[in-house]
Amino acid sequence: MSQNKLEVYSELHANTQTARKHFDPGDELKKLRNIKTYNKTHKMALLVPFRNCTNELKEFAPHMMKFLNNQRIPHTIYVINQVDDLRFNRATLVNIGFIESHPDCDYIAIHDVDLLPLNPKLNYSFPSEGPFHVSSPDLHPLYHYSEFTGGILLMTRKHYEKVNGMSNKFWGWGSEDDELALRILHFGFKIRRPLGLKTGVWNTFRHIHETVRRPRDKIRFFHQNKALPLNIDGVVMFV
């Protein structure tokens, strides 16, 4: 029997060591933590890159546990917290979460902490047919360009390892998801998306980012956001 639970990690960029921290999610989350166990073949690691978004996390964690429990998805939530003073590196945090979740989980969901699924038909089950982009551009409340693969992306461990994860060269906000999409397509995988939903951009998800308190870090200079050629830089450097 695999039990759903929440684990919080603190990522130190200086030496890429990972330290486990205690996190008290409150009474509601404690009730959710143990209400269901499932005897299933697959288990999902919900990877949440994190920094200074405590208000969002307090809403996100109980919402996701309830949402996934309703779908009977065995899962563990990994909150990978960047605690240094460097610019945010979402991709590196995802790579470390991927490593930390082994061997407990056999597939991952790369998930923004500020994006809450509302439609119960959104599928978080094992993506056996290839990468599955849950927050597709025709459903995401903000981003609608065709190449968009951010927000929520499901991948098996096998497929994530095949593309060597995400590039660690992207500092600040944006572009790391687009580069991951190029890796996926480069290896011949097709990115699948939800079909047949009766909701749209206004009611499939709820975006809870506090833009005024935490504006996006979009500064570009030098080549800090220019990745190495596909598949050279990625999760393998942490193994």
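Arg-157 lies over the face of Phe-98, 3.9 Å from the ring centre; a charge sits over a ring if NZ of Lys or CZ of Arg is within 6 Å of the ring centre and within 35 degrees of the ring normal. The model is predicted, so local features need pLDDT of at least 70 and side-chain atom pairs count only at pLDDT 80 or more, while totals for chains, interfaces and linings use all residues. Residues are numbered from 1 along each chain as its sequence is written, and side-chain values use heavy atoms, with hydrogens and water left out.

Phe-98 belongs to the buried part of helix 3, along with Arg-90, Ala-91, Thr-92, Leu-93, Val-94, Asn-95, Ile-96 and Gly-97. Helix 3 covers residues 90–100 and is mostly covered, with 9 of its 11 residues buried. Buried means under 20% relative accessible area, exposed over 50%, and partly exposed in between (1.4 Å probe, protein chains only). Helices (H or I, at least four residues) and strands (E, at least two) are DSSP runs, numbered from the N terminus.

Helix 5 (residues 176–186) has buried residues as well: Glu-176, Asp-177, Glu-179, Leu-180, Ala-181, Arg-183 and Ile-184. These pack against helix 3, strand 7 and strand 10, where contact means heavy atoms within 4.5 Å. After helix 5 comes Gly-188, with a positive phi near 85°.

Strand 5 is largely enclosed by the rest of the structure, because 7 of its 7 residues are buried. On one side these are Met-44, Leu-46, Val-48 and Phe-50, and on the other Ala-45, Leu-47 and Pro-49, so that both faces are covered. Strand 5 runs parallel to strand 6 and is joined to it by 7 bridges; two strands pair if DSSP finds at least two bridges between them. Leu-47 has Tyr-78 of strand 6 as its bridge partner. Strand 5 also runs parallel to strand 7, through 4 bridges, and here Met-44 stands opposite Tyr-107. With helix 2 and strand 6, strand 5 makes a right-handed β-α-β unit. A crossover is right-handed if, with the strands pointing away from the viewer, the path from the first strand over the helix to the second runs clockwise.

In soluble globular proteins, nonpolar side chains tend to be buried together. The largest nonpolar core here has 29 residues, of which Met-44, Leu-46, Phe-60, Leu-68, Tyr-124 and Val-134 touch the most other members. Such a core is a set of buried Ala, Val, Leu, Ile, Met, Phe, Trp, Tyr and Cys residues joined through side-chain atoms within 4.5 Å. Helix 2 (54–70) and strand 10 (152–156) are among the elements that each supply at least two residues of this core. Helix 2 gives the most, with 7 residues. Apart from this core lies another, of 23 residues, among them Leu-93, Val-163, Ile-191 and Val-235.

The aromatic pairs come last. Rings of Phe, Tyr and Trp (its six-membered ring) pair if their centres lie within 6.5 Å; planes under 30 degrees apart count as stacked, over 60 as edge-to-face and the rest as tilted. By this rule there are 5 aromatic pairs. Tyr-143 and Phe-148 form a tilted one, 5.4 Å centre to centre with 40° between the planes. Tyr-145 and Phe-148 have ring centres 5.6 Å apart and planes at 70°, so this pair is edge-to-face. Within it, Phe-148 is buried at 6% relative accessibility, whereas Tyr-143 is partly exposed at 23% and Tyr-145 is partly exposed at 37%.
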